[in-house]
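Here are my comments on the model you asked me to look over. They are set out as numbered points.

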Amino acid sequence: MQQFEHAARVLGWHGHLVSNVEVLGSRFTAVTRLRLDVHQWRTAHDWSPQVEPSGVHAWAEPDGPEQVPVPAVDLIGVMVRVSKARRATRACGTLLTIAPCAAVLPGDHPYRPWALTELDYYGIGAVTTYREGPAELVLTPEDRRAEFGTSLFERWLLELLYQRVLQQEFHSTESTSNTTEGGGVDFS
């Protein structure tokens with residue numbers, strides 16, 4: 001988890017880390033920001049996170065509900081751990097459609113110009129980091145969401161991340177720990 005904290009810091013992504021997210025065959029760490037005003041409104045109006053995909057799909061149906069909740073989290077970016085830069089394109093894959101994506105590479109990863117050129121072409125960022133110690137920004141990720149538009153998948157993912165942020169916050173307040181290892185909402 002510390003590697004992702006260092007990587008997020010060097011990327012300039014400030015927010016709450018949600019680790020071990022698995023969707024569409026990808027495993028990643030998301031950097032999110034809780035929209036406190038929306039969270040408070042949703043809590044007051046009994047709009048808990050909707051993590052059932054069919055429920056989110058129903059929001060888009062013509063005979064669906066008249067009112068749909070606003071997303072309570074912003075997705076700042078996603079980070080995928082890969083052992084080699086050439087694996088980052090596949091690891092980021094469809095994630096590029098929903099958020100900037102950065103590959104987190106081992107600190108001793110060799111410089112491979114061709115692999116980094118490919119990452120740059122697709123807008124994938126790269127960060128090298130050791131288990132302990134600072135990270136180094138190799139390639140800045142691009143935000144290409146506007147090229148793809150929004151999707152029901154993205155909306156569902158925001159609901160899933162909202163649930164995970166709330167669960168982590170509950171566990172963090174329950175244990176009264178200030179550590180970001182597995183919890184603690186960062187409202188920055």
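1. Strand E1 is joined to strand E2 (residues 26-34) by six bridges, and the two strands run antiparallel. One of the pairs can be named: histidine 16 has threonine 32 in E2 as its bridge partner. This is a predicted model, and the points below should be read with that in mind.

2. The sheet that holds these strands is open and has six strands in the order E1-E2-E3-E4-E5-E6, with mixed pairing. Its edges are strand E1 (16-23) and strand E6 (135-139); each has a single partner strand, so one side of each lacks a neighbour in the sheet. From one strand to the next, the twist averages 30 degrees.

3. Helix H2 (residues 36-44) has Val38, His39 and Arg42 as its buried residues. These residues are on the same side of H2 because they cover an arc of only 100 degrees around the axis. Asp37, Thr43 and Ala44 are exposed on the other side of H2. Just after H2 comes aspartate 46, which takes a positive phi of about 60 degrees.

4. How many aromatic pairs does the model contain? With ring centres required to lie within 6.5 Å, the count is two. One is formed by tyrosine 121 and tyrosine 122, at 5.0 Å centre to centre; with 85 degrees between the planes, this pair is edge-to-face. Tyrosine 121 counts as exposed because its relative accessibility is 59%. Tyrosine 122 has a relative accessible area of 35%, which makes this residue partly exposed.

5. Phenylalanine 153 and tryptophan 156 also form an aromatic pair, a tilted one, with 6.1 Å centre to centre and 40 degrees between the planes. Both residues lie in helix H7 (residues 152-175), three residues apart, about one turn of the helix. The general rule is that an α-helix has 3.6 residues a turn, so residues three or four places apart point the same way.

6. Is tryptophan 156 buried or exposed? The cut-off for buried is under 20% relative accessible area, and tryptophan 156, at 16%, is therefore buried. Phenylalanine 153 has a relative accessibility of 22% and so counts as partly exposed.

Technical notes. Residues numbered from 1 in each chain as written. Predicted model: local features only at pLDDT ≥ 70, side-chain atom pairs only at ≥ 80, totals over all residues. Heavy atoms only, no water. Buried < 20%, exposed > 50% of the residue type's maximum accessible area, 1.4 Å probe, protein only. Helix = DSSP H or I, 4+ residues; strand = E, 2+ residues; numbered from the N terminus. Arc of directions from axis to C-beta. Phe/Tyr/Trp six-rings, centres within 6.5 Å; stacked < 30°, edge-to-face > 60°. Pairing = 2+ DSSP bridges. Axes fitted to C-alpha atoms, helices over the stretch in contact; angles between N-to-C directions.
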